[in-house]
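Please look at the sequence and the 3D structure below before reading on.

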Amino acid sequence: MGSERTEIRAAQAQLSTGNRGSNACCFCWCCCCSCSCLTVRNQEEERARRTSHELQAEGIPNCEESPAPTLEEVNAWAQSFDKLMLTPAGRNAFREFLRTEFSEENMLFWMACEELKQESNKSVIEEKARLIYEDYISILSPKEVSLDSRVREVINRNMLEPSQHTFDDAQLQIYTLMHRDSYPRFMNSAIYKDLLQSLSEKSIEA
C-alpha cells in the first residue's frame, strides 16, 4: 500500500508540473480544484474509475461538481442547516468556510459516510469502512474528528462486522456539531455574505 501511494503521488507531481500555467478549472464554482480544464477533460474517464481511496491518496479535493447557486438557493441556506446541506453548491460553500477554520475534516467525514451508505457490495463496504476509520476515527490520523467515548465504543463494536451504517451515530454527532458550532459562523462569514451580495447585484442588473 505504501509503494502504491508513492507511485500515485509521483504521477500527480508529474501531472502538476506538466500542466503548470494552465487556466483554473472552470466546472467547479467554489474553486477548490487546482487542476486545469485540459487535465480534467483528459482524465475525466480515468478518475471516474478510481476508488475514493486512490483519490484521497493523491490529495485531490473531493469538491462536488455543481452549477453556481442561484440567489434563491443561497437565501434558502439561511433558513436552515438542512437546506444548506441538501445541495452540492451549499456543501461546497460550507466546506470552503470550514477550510478557513481548519475543520474541513468534519464535512469530509460526513460525505464519506453518505458515500458508504450507497454501497451494497460487502467487500467494498468493508474496505471503505476501514478507510473511514483510518482517516477520521483513528487517534493517529491528522484528520481525526471529535467524537465522544460512547460513540467511539459503538464504532469499535460495529467494525467487527462493518455495514453501511457502521458510522451512523458518529455521522449524526458530527452533523450536529457542524449545525450548532460552524453553521452560525458561516452565516456571518465573508464567504456567505460576499456570495449573497454578488448574486443580489447580478439579480438587480438583470
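The expected span of a helix is 1.5 Å times one less than its number of residues, and helices here (H or I, at least four residues) are DSSP runs, numbered from the N terminus. This is a predicted model, in which local features need pLDDT of at least 70 and side-chain atom pairs count only at pLDDT 80 or more, while totals for chains, interfaces and linings use all residues. Residues are numbered from 1 along each chain as its sequence is written, and side-chain values use heavy atoms, with hydrogens and water left out.

**Helix α11**
- With 16 residues, α11 reaches 22 Å from its first C-alpha to its last, close to the 22 Å expected at 1.5 Å a residue.
- Tyr192, Leu195 and Leu199 of α11 are buried, where buried means under 20% relative accessible area and exposed over 50%, with partly exposed in between (1.4 Å probe, protein chains only).
- They cover an arc of only 70 degrees around the axis, which puts them on the same side of α11; the arc is that of the directions from the helix axis to the C-beta atoms.
- The face turned away from the buried side of α11 carries the exposed residues Ala190, Ile204 and Glu205.
- The buried residues of α11 pack against α4 and α10, contact meaning heavy atoms within 4.5 Å.

**Helix α10**
- The 20 residues of α10 (residues 168–187) should span 28 Å at 1.5 Å a residue, and the end C-alpha atoms are 26 Å apart, which agrees.
- Buried residues of α10 include Ile174, Tyr175 and Phe186, and the helices that the buried residues of α10 pack against include α9 (149–158) and α11 (190–205).

**Helix α8**
- Among the buried residues of α8 are Ile125, Leu131 and Tyr136.

How values were computed. Helix = DSSP H or I, 4+ residues; strand = E, 2+ residues; numbered from the N terminus.
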